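Please find below a short note for a reader who is meeting this structure for the first time.

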Amino acid sequence: MNLDTLKYCPGTLADGFNTYSPGCLRNLFNGKKVNHILPYEPPQQNEEVAALFLENRSRISISGVQEKLSFVLEKNQLRLTRKGEPGTYILKPVPRDLKRVDQVPANEHLTMQIARQVYGIPTAENAAIFFKDGSPAYITRRFDVRETGGKWGKEDFASLAGRTTEISGVNYKYESSYQEIGLIIQRFVSAWRVEIEKYFSLVVFNSLFSNGDAHLKNFALLESSTGDYLLSPAYDLLNTRLHVDDTDFALEKGLFSDGYKSEGYKIHGHPVKTDFIEFAKRIGVTDTRVEKLLHPFTEKQPMVDTLVNRSFLSEASKREYLLMYRTMRNFLIIKTD
């Protein structure tokens with residue numbers, strides 16, 4: 001990519017910036033003036049750098065298929081963590097073995113920005129960032145690290161549901177339903193009536209933007225400053241259908257523990273508004289709140305088009321991303337039964 005022609009903030013995608021905007025620097029880097037170009041070649045370009053990255057990967061404690069690297073901010077410079085040093089940022093370079101693999105960082109960055117800016121979903125702070133040769137990566141700040149040192153308590157829903165490889169097999173993080181996660185929130189979160197609405201909106205968002213990898217480990221509870229637990233900021237949001245032939249839902253049972261599907265779902269092959277209304281009822285969303293929560297997702301949102309067009313996706317990927325969004329929104333408007 002030609003980094004000399006940037007027109008939009010690589011963090012917020014705000015117009016008129018050829019590097020990170022002040023708002024992005026404030027939220028992601030505590031106001032420090034960080035360059036959007038890393039002081040590294042991509043690992044596949046340099047054997048010495050590749051060795052550094054390989055050693056770094058062996059230390060990072062966050063699981064997942066996508067390659068993740070641990071970084072810290074030292075003065076105004078991002079660098080790889082050293083042995084024994086805790087990281088405060090996670091960097092995801094272009095992964096391997098996926099369709100349109102070079103589009104993955106831009107996809108995740110765009111989808112996270114749409115979640116926050118258009119739908120008001122709390123997300124992990126994030127941005128696009130680039131290696132010296134212009135290769136893209138995605139960077140996000142860890143929300144489980146305290147600014148004063150140490151970590152906030154964090155439990156993902158695989159752990160909360162008691163699912164592990166030993167107990168449930170290799171597919172443990174997929175063997176569930178979104179209804180089950182909702183009931184776990186009721187069980188473990190004292191302020192669950194507030195948090196269940198955030199969770200409901202996130203599940204609808206994932207469906208609307210074709211995120212087929214929203215499994216048990218991609219939802220979590222996070223310790224608050226008062227010591228209780230709330231739903232963590234959203235993370236790992238992307239349109240997986242751009243890269244793999246995905247189903248609507250990562251969890252094998254889908255929305256419901258009993259496999260319920262509305263007539264609209266059966267006819268169209270995708271969840272419709274009726275399914276989400278029933279889902280809201282089953283996880284404890286107040287009846288009078290359901291339509292209000294669904295409204296932003298069923299309405300046309302011009303800002304989605306704006307952010308997609310400003311994103312770092314290729315022109316072909318932008319068109320496909322928008323087509324998928326519009327198709328899923330058309331299903332979401334349908335109400336049957």
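1. Helices H6 and H9. Helix H9 spans residues 273-283, and H6 packs against H9 at an angle of about 30°, the two axes being 9 Å apart. H6 is therefore roughly parallel to H9, and the crossing of the two helices is right-handed. It should be kept in mind throughout that the model is predicted.

2. Residues in contact between H6 and H9. On the H6 side, the contact involves Tyr178, Gln179, Gly182, Leu183 and Gln186. Their partners in H9 are Phe279, Arg282 and Ile283.

3. The pair of Tyr178 and Phe219. The structure holds 18 aromatic pairs. One of them joins Tyr178 to Phe219 in an edge-to-face arrangement, with 6.1 Å from centre to centre and 75° between the planes. Tyr178 belongs to helix H6 (residues 178-188), whereas Phe219 lies in the loop between helix H7 (192-208) and strand E7 (220-223), so the pair ties together parts that are 41 residues apart in sequence.

4. Burial of this pair. Are the two partners buried or exposed? Tyr178 has a relative accessible area of 2% and is buried. Phe219 is also buried, at 3% relative accessibility.

5. The aromatic cluster. Which residues do ring pairs link into a cluster? The members are Tyr178, Tyr199, Phe200, Phe219, Phe249, Phe256, Tyr260 and Phe279.

6. Charges over rings. The charged end of Arg146 is placed over the ring of Trp152, at 3.8 Å from the ring centre. In a further case, the charged end of Lys261 sits over the ring of Tyr265, 4.7 Å from its centre.

7. Helices H11 and H12. The axes of H11 (residues 302-310) and H12 (residues 315-333) come within 9 Å of each other and cross at roughly 160°. Angles over 145 degrees count as roughly antiparallel, and H11 is therefore roughly antiparallel to H12. Their crossing is right-handed.

8. Residues in contact between H11 and H12. H11 contributes Val304, Asp305, Val308 and Asn309 to this contact. From H12, the residues that meet them are Lys318, Tyr321, Leu322, Tyr325 and Arg326.

Notes
Residues numbered from 1 in each chain as written. Predicted model: local features only at pLDDT ≥ 70, side-chain atom pairs only at ≥ 80, totals over all residues. Heavy atoms only, no water. Phe/Tyr/Trp six-rings, centres within 6.5 Å; stacked < 30°, edge-to-face > 60°. Helix = DSSP H or I, 4+ residues; strand = E, 2+ residues; numbered from the N terminus. Buried < 20%, exposed > 50% of the residue type's maximum accessible area, 1.4 Å probe, protein only. Lys NZ or Arg CZ within 6 Å of the ring centre and 35° of its normal. Axes fitted to C-alpha atoms, helices over the stretch in contact; angles between N-to-C directions. Parallel < 35°, antiparallel > 145°, perpendicular 65-115°, else oblique. Left-handed = near helix turned anticlockwise from the far one by under 90°. Contact = heavy atoms within 4.5 Å.
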